[in-house]
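Colleague: Hi! Could you walk me through this one?
Modeller: Happy to, let's have a look together.

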Amino acid sequence: HETTVGIIGGGPAGLLLARLLHQAGIDSVVLESRDRVYAEQRQRAGMLEQTTVDVLRQCGAGERMDREGLVHDGIELRFAGRAHHIDFPTLADGRRVTIYAQTEIVKDLISLHLAHLSGTSPLLFGAEVHAVNGIGTSTAADAPDRQEDGAVPPGSPAQPTVHYTHEGQERVLHCQFVVGCDGFHGVSRGALPASVARTYEREYPHSWLGVLAEAPPACDELIYAHSPRGFALHSMRSPTVSRLYLQVPNGTDPEEWSDDRIWDELDARFALESSRGWRLNRGPITSKAVLPMRSSVTEPMQYGRLFLAGDAAHIVPPTGAKGLNLAVADVAVLADAFARHHATGDTEALENYSAGRLRRVWRAEHFSYFMTTTLHTAPDQSPFDTRLQLAQLERIASSSTAAAELAENYAGLALLDGP
Ligand code: FAD
Ligand code: DHB
């Protein structure tokens with residue numbers, strides 16, 4: 001089998017890339033290890049930046065999102081028993097965000113793909129990749145065009161192959177380029193030569209218990225709550241479905257949390273001093289999972305003919321809601337670079353991909369770290385640390401300069417401006 005771009009992983013990054021490449025007249029093959037039902041049910045993110053919405057709309061995947069997505073003008077910060085609205089349109093240059101679940105984006109992209117692309121650009125489920133070879137051959141590595149940092153430029157002569165198992169058979173896909181969109185536990189990151197790859201990581205001493213409930217959201221805004229009992233987040237999926245998160249210790253078993261215990265703890269963390277009657281709407285909890293938190297960035301995001309995009313290259317703790325948005329921005333920039341290369345043979349945009357994206361990735365890493373450490377209670381947190389958090393939250397609530405910094409980062413920066 002042969003294709004121009006071999007895409008490993010059919011999560012939001014891989015599926016969207018295939019769609020964008022198709023629009024630029026470039027064929028691809030997506031290899032996804034799981035089956036379609038599993039891929040469409042995985043509960044994950046839900047907050048889309050304006051840029052993410054624009055990209056999905058422009059590639060024809062925005063129809064249901066425009067109908068069913070919930071547009072938000074800001075968020076609420078709740079701390080010390082009080083509520084503060086952060087208004088995005090006034091603070092972040094008219095930007096808004098949209099609540100539309102990642103699972104729905106994946107469903108929309110899969111059905112678009114199967115309807116329009118399967119002839120030229122197949123999407124294979126149950127196709128598990130175990131190796132990527134030939135991304136920058138030793139000849140290319142020794143060649144005069146090898147860059148100073150040791151990286152091999154994307155245009156170097158090389159013949160990448162992707163090795164995978166499908167329907168019990170060992171198969172090989174020959175490509176011009178390979179893009180690893182296989183998430184944090186994928187194999188493509190490991191194909192970067194150890195001599196050039198470096199991973200920067202940080203683990204956090206807490207996890208989130210995420211629940212989905214058949215209960216109308218208690219208010220139409222996302223609420224990020226700092227409380228002496230730990231962090232809580234109120235989000236939603238529709239006018240009848242709430243999405244809620246609670247900070248819990250690492251290693252927590254979701255079975256320790258009965259439905260009643262979850263609701264009582266959420267109410268305690270969201271409590272307001274002035275309106276004691278404020279309560280979440282309760283309803284059946286339909287999904288419950290514990291998510292660990294980690295920051296991780298692998299550099300570079302390109303070597304020879306291999307590119308990394310989305311969680312395969314970087315992950316953030318979820319507090320800033322950046323994971324999915326970064327993945328979409330990576331593939332939007334990468335698809336543009338492939339389109340330029342396809343139209344003119346120019347590799348400059350492909351060469352700039354890694355450095356350009358890493359600037360943005362580190363900005364999002366910092367914002368996610370800031371939101372996480374400002375809103376969560378660490379196991380060894382001192383009263384001094386708590387006072388510092390509250391001082392920072394007060395500053396955001398009382399200064400439009402500080403609030404604008406949060407709003408701009410949260411609502412998202414434009415795709416191609418500086419960092
Ligand atoms: P993924 O969605 O991970 O997709 C990777 C795909 O590659 C998967 O379909 C996988 O099956 C496939 N794959 C892996 N290995 C192979 C292989 N060897 N061969 C073939 N295919 C392979 N972000 C937020 O902003 N807010 C949240 O609340 C939030 N919650 C999250 C909860 C969980 C449990 C996780 C894991 C992530 C969460 N995120 C959240 C992050 C967000 O969902 C990710 O940033 C986003 O999914 C990244 O998309 P992706 O396509 O890069 O990777
Ligand atoms: C959601 C998840 C987040 O991590 C976040 O910061 C906001 C919203 C969500 O799943 O809706």
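**Around the ligands**

Modeller: This is a predicted model. Helix H1 (12-23), strand S9 (127-133) and helix H9 (323-344) each give at least two residues to the shell around ligand 1.

Colleague: How many residues surround ligand 1, and which are the closest?

Modeller: There are 32 residues around ligand 1, and the closest are Gly9, Gly11, Gly183, Gly310 and Gly323. Sorted by class, that shell holds 15 nonpolar, 10 polar and 7 charged residues.

Colleague: And which residues surround ligand 2?

Modeller: Among them are Ala45, Met47, Leu222, Arg243 and Thr319. The classes in the ligand 2 shell are 6 nonpolar, 3 polar and 1 charged.

Colleague: Which domains does the shell around ligand 2 draw on?

Modeller: Domain 1 (2-46 + 101-197 + 300-372) and domain 2 (203-292 + 378-411) each supply at least three residues to it.

Colleague: Switching topic: is Asn409 buried or exposed, and why?

Modeller: Asn409 counts as buried because 20 other C-beta atoms lie within 10 Å, and the cut-off for buried is 20 or more. Asn409 sits in helix H12 (residues 400-411).

Colleague: Good to know! What is the mean pLDDT of the chain?

Modeller: The mean is 93, with 95% of the residues at 70 or more. The model's scores are ipTM 0.97 and pTM 0.95.

Colleague: Where does pLDDT stay under 50?

Modeller: Over residues 138-143, where the model has 10 contacts beyond four places in sequence. Where pLDDT is low, predicted coordinates should not be read in detail.

Technical notes:
Residues are numbered from 1 along each chain as its sequence is written. Chains are lettered from A and ligands numbered from 1 in the order in which they are written. This is a predicted model: local features need pLDDT of at least 70, side-chain atom pairs count only at pLDDT 80 or more; totals for chains, interfaces and linings use all residues. Helices (H or I, at least four residues) and strands (E, at least two) are DSSP runs, numbered from the N terminus. A residue is buried if 20 or more other C-beta atoms lie within 10 Å of its own, exposed if 12 or fewer, and partly exposed in between; C-beta atoms are placed from the backbone. pLDDT is the predictor's confidence in each residue, from 0 to 100. Two residues are in contact if their C-beta atoms, placed from the backbone, lie within 7 Å. A residue is near a molecule or strand if its C-beta atom, placed from the backbone, lies within 6 Å of it. Ala, Val, Leu, Ile, Met, Phe, Trp, Tyr, Cys and Pro count as nonpolar, Asp, Glu, Lys and Arg as charged, and the others, Gly among them, as polar. Domain bounds come from an automatic or database domain assignment.
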